[in-house]
Amino acid sequence: MKDLSKYRNIGIFAHVDAGKTTTTERILKLTGKIHKIGEVHDGAATTDFMEQEQERGITIQSAATTCFWKDHQLNIIDTPGHVDFTIEVYRSLKVLDGGVGVFCGSGGVEPQSETNWRYANESKVARIIFVNKLDRLGADFYRVVKQIKNVLAAKPLVMVLPIGTEAEFAGVVDLLERKAYVWDDSGDPAKFEVQDVPEDMKELVEKYRNELVETAVEQDDEVLEAYLEGNEPDIATIKHCIRLGTINLTFFPTFCGSAFKNKGVQQILNAVVDYLPNPMEVPPQAEIDLEGNPTGEFAKADPEGPVRALAFKIMDDRFGALTFLRIYSGTLNKGDTLVNTFTGKNERIGRMVLMHANDRAMLDTAQAGDIIAAVGLKAVRTGHTLADVKNPATLEPMVFPEPVISVALTPRDKANGEKLGVALGKMVAEDPSFCVEIDRESGETIIKGMGELHLDIKVDILRRTHGVEADVGKPQVAYRETITRVCEDVYTHKKQTGGSGQFAKIEYTIEPAEPGEGFIFESKVTGGSVPKEFIPSVEKGFKSLLEKGPLCGFPVLDLKVTLTDGGFHAVDSSQMAFEAAARAAYRQSMPKAGPQLLEPIMKVDVFVPSDNVGDVIGDLNRRRGMIKSQEPGVTNVQVKADVPLGEMFGYIGDLRSATSGRGQFTMEFSHYAPVPRQILEKVKEEVAERESNKKKKK
C-alpha cells in the first residue's frame, strides 16, 4: 500500500506566456524525469506534444506527468493559459489538491490569471505562487505581490526575496533560513551556492521575515501565545503553521525566480512538498444520488474504501481512447468491472497507464490519490463517475460554459463527409466546451466553441490528425432572444376529425424572468379547470419551442409562463391536445410580449504600447465597445472593455496593424445584452439570406 501522505496532485496554471510549460520542463529536469530540457519557443517542450502546440508556442490541452522529489510522488498537470482553452484549467483544478500559480514578473496579474484564480477559489484548491521571468526587462517582484493583493484580493505570504532584478537577477534569499541561493550563468539548475544574505538586503530581509513569522504563527494558538511571550518558534514549527494556513486558503506562499534561466525552481519543489496538501488533507468529495441530491456521504481518500473515480479528460491518440481518472477512494486493479453511474452501464478496466505527457507506463493497480489513464473505456465522458458495482455513488459532476461562436463546416467530398462524423464524435468527447449540431433544414454541420482560436485549432486538428478536408463558413454569433413585456392571453385548441376530436383551452401569462433564471413554468390553476395530468403537457409544449424565438429564430432566455386557468372536454381532451395548445399559444403570444434580440458581450483586455493607446481605444469605440478602465504598466497599458462578440472577428489583425505587432488581447464571455435596432435589422437580413440559401439547396 502506498503512503498517501507522500502524494501531491498539483496543477500549474497562469496567463498565456507567463512561463507555465517552461516551469514544468525545469521541474521534470530537476526531478530526473527528463535529461534534456526542451524549450517552448523551439517547439520541443515535453508537455506540449501536439503539432499545433509546438507551432504556436502555446499549450492547448492539459498534459499529465508524474515525477519524484524528496521521496514524494508529484502528479503534475500543465494547463493552457489561453482563454479559449479555459475549460482545460477548470477541469484540471476540479481533480487536483494543490496548484502553482505562475505570474510574469513584468506582466503581473493578467486577465487569464484572474479567471484561473477564480476557478481555483471555486474549487477550493490550495496554491503557492511563483513570480517568474524576473530576468526580463520591467520585472518587479514587489509590484506583482501588490497586484496579487489588490487585483486578486488574495494574501501572498512572501517566502523569498530576489537578489537583483532584470539582467542583474542572480538568485533568491530564503527568508526562513536567512540564506542566499545564488546560481551561476551556466544554466544548470543544480549549480548554485548557498551564501550569507547580501549586506544591502539585511534590513529588508528582517522586515519581510518578521511579517512572514507573524502571519504564520496566527494559525496555531499555542505557537502564537509562545511567540507573543517572546519565544520565536523554530523553522519546523513555522513550516507547520505555513502548511496549515496554505491548506486553509488563509494565505499563499509566494516565491520568485526565472524558470528559463533555471533559478529558483528548487524552492518551488520544496514548497510543493512542504506546504501543499496530500489527498487526505483536502475536503473529501461529496457524493450525490442519481437525481443530483447530496446523500450526506463522502468519498474519503481511503484505499480500503469503495471505488470512486472521476473521469476528467478524454484523449484520443494512436493507441485508442484514453480516459483520465482521478481515484478519490478505493483501489483499482486491472480487469476490475466498475459501473458508470451516469449511464448505468458497466465498464471493464482493461489497461491502466501512468502518463508522462504522451508516453506511458503500464500499471496493474492504482489507489485513492492516483491520477491515471484507462485505455478503451467505451461510453465514459468527462464528468462521469466510475464506482463500485456493489456500492455505487456519483461524485459532483462538472459544469461547462455555453459556446459563444459557431461556424459551418462543409466536407470537400463524400469520403471526407464519412470521416467528418467519426472525427467530430472523438473531438466532442475530448472537449466538453466544443459542440456539434446538424442544421436539420440545410444538413450543414455547425461546430460551436469558446472563441475564434478555439475553432481555428479544431479545424486544424480535423485536417491534420483526422485527415478531413472541409470548407469553413464565416463565424456566426450565438445570439439569444428574450421578451420585455408581460402578456396575458388565452388560447383554445379545437380539432374535429372523423373520430374523437381534440379540445384544450388554456389561460396563461408570459413574462420576462430574472437574468440567468432560464425557463420557469408555474401552475396557478384551481378547481380542476385543467386536470392535473394535463399540466405537464402544457409545460412540455411551451418548452419544446424555446429553441426558436419569435424575432430571428434564436433560442429564448429567461422566460416565465404561468398557467392561470383553462377548460377541458371529458372526451376530446388529451395530453396531446394540451401540448398542441401550448405550442400554438407560444406562437400567438411571444410576438406580443416585446421580443428582444440579445448578443454576447465579451470582456476584452488589450495590452497595448503607451504610444498606441488612443488608436486602440478609438478602434474599440468603433466596435461599439464600452471602455471600463486603463491601467498603465511598466512597458504597456492594459485597456479593459466590454465589446459585442459580433464586432471582434478578425480583431487580432487590426490590433497588430495598429501597434506594429506589439499589441495583445484576450477575451472571454461576460453577459448577454440587447442589440441596437440597426444590428437587429442586419441580423434579420442575414437570417433571411441563410433561409433562402437553404431552400435553394433543397
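Author: The largest nonpolar core has 74 residues. Here a nonpolar core is a set of buried Ala, Val, Leu, Ile, Met, Phe, Trp, Tyr and Cys residues joined through side-chain atoms within 4.5 Å. Buried means under 20% relative accessible area, with a 1.4 Å probe and protein chains only. Val-100, Met-159 and Ile-242 have the most contacts inside this core. Helix H9 (residues 265–275) gives the largest share, seven residues. Helices are DSSP runs of H or I with at least four residues, strands are runs of E with at least two, and both are numbered from the N terminus. Another core lies apart from this one and has 45 residues, among them Val-407, Leu-455, Met-602 and Val-639.

The model is predicted: local features need pLDDT of at least 70, side-chain atom pairs count only at pLDDT 80 or more, and totals for chains, interfaces and linings use all residues. Residues are numbered from 1 along each chain as its sequence is written, and side-chain values use heavy atoms, without hydrogens and water.

Now take Ile-242. Leaving out residues up to four places away in sequence, Ile-242 touches Leu-157, Met-159, Leu-176, Leu-212, Ala-216, Phe-251, Pro-253 and Tyr-275. Contact means heavy atoms within 4.5 Å.

Leu-212 and Ala-216 are in helix H6, and Ile-242 is in helix H8. The axes of H6 (residues 202–217) and H8 (residues 235–247) come within 8 Å and cross at roughly 65°. Axes are lines fitted to C-alpha atoms over the stretch in contact, and angles run from 0 to 180 degrees between N-to-C directions. The crossing is left-handed: the near helix is turned anticlockwise from the far one by less than a right angle.

From H6, Arg-209, Leu-212, Val-213, Ala-216 and Val-217 meet Ile-235, Ile-238, Cys-241 and Ile-242 of H8. By class, this contact has eight nonpolar, no polar and one charged residues. Nonpolar covers Ala, Val, Leu, Ile, Met, Phe, Trp, Tyr, Cys and Pro; Asp, Glu, Lys and Arg are charged; the others, Gly among them, are polar.

The buried residues of H6 are Val-205, Tyr-208, Arg-209, Leu-212, Val-213, Thr-215, Ala-216 and Val-217. Their packing partners include helix H5 (141–152), strand E6 (156–158) and H8. In H8, the buried residues are Ile-238, Cys-241, Ile-242, Arg-243, Gly-245 and Thr-246. Just after H8, Leu-249 takes a positive phi of about 65°.

Notes:
Buried < 20%, exposed > 50% of the residue type's maximum accessible area, 1.4 Å probe, protein only.
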